[in-house]
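Good morning, colleagues. Please take a moment to look at the sequence and the structure, and I shall then walk you through a few parts of it.

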Amino acid sequence: MNAEQHGPETLGPEDSKWLGEYADVHMSVFGTPLRVMDHGEGMRIWDVDGNEYLDFLAGIAVNSIGYAHPAWVKAVAEQAAKVAHTSNYFATEPQISLAARLIKLAGAPEGSHVYFGNSGAEGNEAALKLAKLYGRTLPGAAPALGGKPARIVALTNGFHGRTLGALSATWKPAIRKPFEPLVPGIEFAQAGDIYALHEAFAATGQGPYGKGPVAAVILELIQGEAGVKPLGADYVRQVRAMCDAHHALLIVDEVQTGIGRTGAWFAFQREDLSGGITPDIVTFAKGVAGGFPMGGMIAFGAKLSALFTPGSHGSTFAGNPLGAAAAMATLDVIEQEGLVANAEERGRQLRDGIMATGNPLYVSVRGRGLLDAVELAHPCAHAAMAWCMEHGLIVNAVRADALRLAPPLIVSAADVDEALAILRDVPADLPDD
Ligand SMILES: Cc1ncc(COP(=O)(O)O)c(C=O)c1O
């Protein structure tokens, strides 16, 4: 594969044709797609002009078992032939089995319950709603006693989704500000600064300036969209202690980090990311169903779970049997093929290998398992991403100065070597974004 084949200025005729039509009929929220894709298999995907790419993005950490895994295809086809959708007037076996399995994988205590949605944002919407109900049970929030509405604290640089509730807890001003005013009672504390969180808690109180109690803190253990930045185990342990001291919930958003991606089923199970804490709510999505849209939350324990009662929340598609069958097949493959351990091993190979390329463009690497980022010497990530695509490798410009690498968990040592060979040759003097 050579640069001429893949350069944006030399897009193939089919890519060009379809991209023209795309722009005519799609709202431009995603900008112009890089290519029009046709089909995938394993670690590879092909565009409509027949160009092949080794995929180190996996649909943004979604395609955990690669493309068209035979076990996944079989499970989805069989479930589609059986029953694809029922609504929540009815339950199905895959949905029940999946909920039980996720609770077990998370090591959640007896009495824990799952709510299914269809995306990461919906998982977080559910978590925020549950936290709001929890907040109403806190003494300082009782209106009859002159209480004030409970608050939710999110962190700077956090990303929790684009729906209005999840967006209210999402930091990036450029995507949040145009939609303000958003959900009231959600505020931000500086990520990594425990004193900032202390101040947020300390604002609770009586009198005209006192605020309502904090119902929950929501955070990602690795801030993915912010550039794959771990919060730090010590900080997370302190956050947990502060939540405990103030009877606040800790919501861990594992939409990007969950389902094996960081080398553990959930990132909170990694001592070096979480300090060994247990969350109250875990949200999940992306990798859980191997490409089928699914998300949700696990509420830890019976008492918290019981705050959702009939009518509290819902969605027509929630827990849809087709998605649940896709998720069960995905979890089977992850288990049977040892992909959680593979994520850890291949991640180490990838991070070590990047620094060993000696390419002066690479300043450092960070991340865990197969959720990694390369810090660049200057802000040329989009040019680097385009160069890699031209050479048959998909990576992601998560920030102007960082490339995100999040391949399917099935990635082999040979695939990593192949990606490294391309990354080694990325010109260090690419133009800045
Ligand atoms: C940590 C985190 N939470 C929530 C979301 C939102 O997920 P979705 O795009 O499926 O709504 C994302 C998406 O990137 C994410 O990384």
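In which loop is Pro-181 found? Pro-181 is found in the loop between α8 (173-176) and β6 (186-189). Please bear in mind that this is a predicted model. A cis peptide bond joins Pro-181 to Glu-180, and omega there is about 5 degrees.

Let me turn to two further points of backbone geometry. Ile-60 is not a glycine, yet its phi is positive, at about 60 degrees. This residue is found in helix α3. Ile-60 has 16 other C-beta atoms within 10 Å, and it is therefore classed as partly exposed. Val-228, likewise a residue other than glycine, has a positive phi near 60 degrees. Val-228 lies in the loop between β8 (222-223) and β9 (229-230). Is Val-228 buried or exposed? Val-228 is buried, because 27 other C-beta atoms lie within 10 Å, and the cut-off for a buried residue is 20 or more.

I come now to the division into domains. The domain assignment gives domain 1 (3-65 + 338-424) and domain 2 (73-336). Their C-alpha centres lie 28 Å apart. Domain 1 brings 25 residues to the contact, and domain 2 brings 25 residues. On the side of domain 1 that touches domain 2, at least two residues each are supplied by α3 (58-61), α14 (339-356), β13 (362-368), β14 (371-376), β16 (396-399) and β17 (402-405). The largest share of that side, five residues, comes from α14. By class, this side of domain 1 has 13 nonpolar, six polar and six charged residues.

Next, the strand β11, which covers residues 281-284. Which residues of β11 are buried on each side? Ile-281 and Thr-283 are buried on one side, and Val-282 and Phe-284 are buried on the other, so that both faces of the strand are covered. In a regular strand, the side chains alternate between the two faces of the sheet. β11 has a parallel pairing with strand β10 (residues 249-253), over three bridges. Within that pairing, Ile-251 has Ile-281 as its bridge partner in β11. β11 also runs antiparallel to strand β12 (residues 295-299), and four bridges join the two. Here Ile-281 stands opposite Ala-299 in β12.

An unreviewed UniProt entry lists Arg-162 and Ser-315 under "binding site". Arg-162 is placed in the loop between β5 (151-155) and α7 (164-168). With 15 other C-beta atoms within 10 Å, Arg-162 is partly exposed. Leaving aside residues up to four places away in sequence, Arg-162 touches Ala-121 and Leu-167. Ser-315 lies in the loop between α12 (302-305) and α13 (321-336). Ser-315 is also partly exposed, with 17 other C-beta atoms within 10 Å. Again not counting residues up to four places away in sequence, Ser-315 touches Gly-117, Asn-118 and Glu-122.

Which residues come nearest to the ligand? Of the 15 residues around the ligand, these are Ser-119, Gly-120, Ala-121, Gly-161 and Val-255. Helix α6 (residues 120-135) gives the most to this shell, with three residues. The shell around the ligand has four nonpolar, eight polar and three charged residues.

Thank you for your attention.

Note on methods. Residues numbered from 1 in each chain as written. Predicted model: local features only at pLDDT ≥ 70, side-chain atom pairs only at ≥ 80, totals over all residues. UniProt positions renumbered as here; feature names shortened; annotations may be inferred. Buried ≥ 20, exposed ≤ 12 C-beta atoms within 10 Å, placed from the backbone. Contact = placed C-beta atoms within 7 Å. Near = placed C-beta within 6 Å. Nonpolar A, V, L, I, M, F, W, Y, C, P; charged D, E, K, R; others polar. Domains from an automatic or database assignment. Pairing = 2+ DSSP bridges.
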